[in-house]
Amino acid sequence: MANEQGIDPQITRLRGELREATLKLDAAKREADRLKVLLARAQKRLAERALGEEAISEENAVYKAIFEAQSDLGEGFFIVDGRKIVQVNEAFTRMSGFSHDELTALPAFFDLVPEDARTILQVRMAERLQGSQVHDHYETVIVHKAGHRVDLEVAVKVIHLGNAPRILAIARDITGRKRMEAALHAQNVRLQELDALKSSFISTVSHELRTPLATILGYAEFLEEQIGGSLSLDQRTYVSQILMGAKRLEGLVDDLLDFARLESGALRLNCQEADLVNKVREVAVSFAPLAQAKGVTLQMQLPDLPLTLRMDGLRIAQVLSNLIANAFKFTPTGGQVALMVHAKENEACVEVEDSGIGISREHLPYLFERFYQVDPSTTRVHGGAGLGLPISKALVEAHGGRIGVDSKVNEGSCFWFTLPLSRFTPQAPSNDGFRSI
């Protein structure tokens, strides 16, 4: 009985200890489960971080390849955090003369930029980082480590690395191009000066030739009219040759003067209402003696009714004379020259057609350029300074018209020009065709 009473408390104590151990075991299992969850989360985070680092590593490899490719192309590539250079490729180190470490150690990117270009570049960079829309392609200048200036063409873009905006820039050294542009500009200025000097010289010489030429023509005409006494047959032939040469020289001097006026913008039109048909007829009749002398038939196909328009009669007669004279010049004996006038829509068209030697296709685009000669040799059969057609073009276009040519070798040529029938306001002849090369 006494033993039974001693066992009961012991069992009770053991039961209590078992109960307490069970509670502790349950708590330990719960803690183990919690730790398992935490471990799983940690493993997941580690795996995600590993994947992220791998992706970052791959991106860095791509960036590095781009940097190296830009270097191979000779293009500088750098990233600025708004002040400092944080990344740069080899090509930009060559452009600047500084090493990679020297560039990334600079207190500010602007230290590379000369004072006169620094402020505007700082403003542009700040505006970009703030999201403002500014030019993303421009030219700037940096100072090389050796002290000389380097001209750059730069393209920039704002990128985000993490949460921070960065400026990505690609630069190309254009110092050589800038030097070439400066040299070309200086050469162009010099050519313009020479062109002005040439125009002045042509104008002066042409005016100076006028006086002795007028004297030669005057006295030659006196001789032809035998005012100073009768001439023998041979002497009359000689005088005739003198007059022909003097008149040819007079035409050349007139062309040179018109050329000089066109270049200087001094040539003006005096336009009035006039009949184009009558003007063509007048000019054609003046060529009748030449047609007879050369044995060339001169034909006219003119409308019965007048074509009235505003024009400078003297200048249109000059255009007609140039075209008709060229037609006779290149048409052999037995050939023909035809003048045709007709109205088409809102313009009148004049055509001068010949059955002469024609012009090869490669020469056609250049016929209206100044001084252009189809036969540039010194043994040319046909004379002329190559100014008649360019002057004619300028005069026709000043009237608001057009001029052109159609031709085939050994079949002849057709030079034509148009004039507006509407009330066009004439302009000063353009000197576009007379610019220096």
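A residue is buried under 20% relative accessible area, exposed over 50%, and partly exposed in between (1.4 Å probe, protein chains only). The model is predicted, so that local features need pLDDT of at least 70 and side-chain atom pairs count only at pLDDT 80 or more, whereas totals for chains, interfaces and linings use all residues. Residues are numbered from 1 along each chain as its sequence is written, and side-chain values use heavy atoms, with hydrogens and water left out.

**Exercise 1.** Determine what share of the protein chain is buried.

Solution. The protein chain has 437 residues. Of these, 34% count as buried.

**Exercise 2.** Describe the setting of Asp312.

Solution. Begin with the place: Asp312 lies in the loop between strand S8 (308–311) and helix H9 (313–329). Next, consider charge: Asp312 is buried but has no salt bridge, a term for a side-chain nitrogen of Lys or Arg within 4 Å of a carboxyl oxygen of Asp or Glu. Arg315, the nearest side chain of opposite charge, is 4.8 Å away. The side chain of Asp312 does reach the backbone nitrogen of Leu314, at 3.2 Å. Finally, leaving aside residues up to four places away in sequence, Asp312 touches Arg268, Leu269, Asn270, Cys271 and His399 (contact: heavy atoms within 4.5 Å).

**Exercise 3.** Is Leu191 buried or partly exposed, and where does it lie?

Solution. Leu191 belongs to helix H5 (residues 175–224). Leu191 counts as partly exposed because its relative accessibility is 32%. Together with Leu194 and Leu197, Leu191 makes a nonpolar surface patch of about 250 Å².

Notes
Helix = DSSP H or I, 4+ residues; strand = E, 2+ residues; numbered from the N terminus. Lys, Arg positive; Asp, Glu negative; His and termini not counted. Polar contact = N/O pair within 3.5 Å; in protein donor to acceptor, adjacent residues only side chain to side chain. Patch = residues over 30% accessible without salt bridge, like charges linked within 9 Å, V, L, I, M, F, W, Y side chains within 5 Å. Areas by Shrake-Rupley, 256 points an atom, 1.4 Å probe, with all protein chains shown as cover.
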